[in-house]
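This briefing concerns a single protein chain, shown below with its sequence. Please read the points that follow alongside the structure.

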Amino acid sequence: MISIYKKYHIAYWCIGIVEIIGMIIANLWFCRHTWVPAIPITAVTILLVLVDAFIFTKLTSKKLSNEVLPLFYNCQVHKFIDEMNMLFAKKAKGPVVSMYNAIVARGYGSIDDYDSVYECCKKIKSKGYKSEYYKCMIEYYLKNDQLDKAQEEIEALRKLMEKMKNPKYIEGCETTIKNAEFYMRIQQGNYEGAEEHYQKQLDTIKPLYPITEVSYSYALGKLLFLKGEPERARKYLQVAIDLGGDTKYKKFAEELLQKIISKNE
């Protein structure tokens with residue numbers, strides 16, 4: 001992962017090389033009469049190299065979190081995807097491939113490009129990102145009205161959750177499942193409890209990033225429209241339009257609001 005930022009990659013290798021050269025010099029100096037000092041010297045060097053890798057991995061992760069992920073959170077999704085592709089293209093290896101595809105799939109889903117979501121999901125192989133695979137595939141099948149397939153992915157995610165220990169991450173998976181279940185109920189004309197669920201998410205999620213606010217605002221606006229309450233729907237649709245950037249939520253909210261306006265003319 002360090003390789004996505006050139007300056008960190010260069011610094012990481014330079015420090016590592018200096019540490020190895022230091023080890024060689026130390027071994028030549030202290031092991032002139034016996035090889036015994038080579039053991040602690042080599043051990044210390046290995047430890048320093050590992051610390052070097054840990055520090056630069058943290059720095060890379062922090063830079064990504066501070067400079068790239070906010071593009072997604074603030075509904076600049078096309079720019080987010082472009083930045084991710086530029087950083088990770090031909091550089092991602094091992095588990096990083098799964099991480100990259102899990103993250104960028106969220107972007108593709110937010111611009112309604114589910115063919116790309118599916119392609120990303122096929123590349124999520126690491127067990128550590130299996131839950132993200134299920135989340136994305138649930139959304140993919142819902143988008144394509146394959147509700148039975150979506151239900152299978154929900155059950156697979158539930159089974160995986162039994163092995164999870166992080167309460168916050170479990171809560172996120174539970175929210176994904178609830179969102180999917182309400183979506184399916186609404187598709188079948190059952191609106192019971194959906195308004196309360198969406199409103200609760202808007203009221204309780206902290207921090208409430210724009211991407212989260214517009215997704216729930218659009219969902220709530222659409223629900224109210226389906227329930228025959230277009231005037232109440234306007235408020236939430238307008239939020240999705242005002243904050244939605246280049247997301248599908250803005251596009252869909254504009255289309256739905258135009259329907260409401262046309263009916264009133």
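**Briefing on the predicted model**

Ala11 is partly exposed, with a relative accessible area of 25% (buried means under 20% relative accessible area, exposed over 50%, and partly exposed in between, with a 1.4 Å probe and protein chains only). The structure is a predicted model, in which local features need pLDDT of at least 70, side-chain atom pairs count only at pLDDT 80 or more, and totals for chains, interfaces and linings use all residues. Residues are numbered from 1 along each chain as its sequence is written, and side-chain values use heavy atoms, with hydrogens and water left out.

**Overall architecture**

- The protein chain contains 13 helices and 0 strands, where helices (H or I, at least four residues) and strands (E, at least two) are DSSP runs numbered from the N terminus.
- The radius of gyration of the protein chain is 24 Å, well over the 18 Å that the globule rule gives for 265 residues, so the chain is more spread out than a compact globule. This radius is taken over C-alpha atoms, and the globule rule is 2.2 Å times the number of residues to the power 0.38.
- Along the principal axes, the C-alpha atoms of the protein chain fill a box of roughly 95 × 35 × 30 Å.
- Ala11 is placed in helix H1 (residues 6-30).

**Surface and contacts**

- Of the 265 residues in the protein chain, 41% are buried.
- The accessible surface of the protein chain is about 15400 Å², and carbon and sulfur atoms hold 58% of this area. Accessible areas come from the Shrake-Rupley method with a 1.4 Å probe; for residues, only the protein chains shown count as cover.
- Among contacts (heavy atoms within 4.5 Å) with a separation of 6 or more, 54% join residues 24 or more positions apart.

**Second largest pocket**

- The second largest pocket holds about 200 Å³ of space. Its lining comprises 10 residues, of which Ser65, Leu69, Tyr73, Ile103 and Arg106 are the closest to its centre.
- On a 1 Å grid over the protein atoms alone, a pocket is an open set of points where a 1.4 Å probe fits, with protein on both sides within 12 Å along at least five of seven lines; lining residues have an atom within 4 Å of a point. Grid points are joined across faces, edges and corners, and a volume is the space filled by probe spheres set on the points.
- Helix H2 (38-67), helix H3 (69-73) and helix H5 (95-110) each contribute at least two residues to the lining of the second largest pocket.
- The lining of the second largest pocket has 7 nonpolar, 2 polar and 1 charged residues; Ala, Val, Leu, Ile, Met, Phe, Trp, Tyr, Cys and Pro count as nonpolar, Asp, Glu, Lys and Arg as charged, and the others, Gly among them, as polar.

- Ile81 belongs to helix H4 (residues 77-88) and is buried, at a relative accessible area of 5%.
- Beyond its neighbours within four places in sequence, Ile81 is in contact with Val104, Gly107, Tyr108 and Ile111.
- Ile81 and Ile103 are 22 residues apart along the chain, and their C-alpha atoms are separated by 9.3 Å.

**Backbone features in loops**

- Cys75, in the loop between H3 and H4, has a positive phi near 65 degrees although not a glycine, and is buried at 2% relative accessibility.
- Asp145, in the loop between helix H7 (130-143) and helix H8 (147-161), likewise has a positive phi, near 60 degrees, but is exposed, with a relative accessible area of 51%.
- The peptide bond from Lys206 to Pro207 is cis, with omega near -5 degrees; Pro207 is in the loop between helix H10 (194-204) and helix H11 (210-226).
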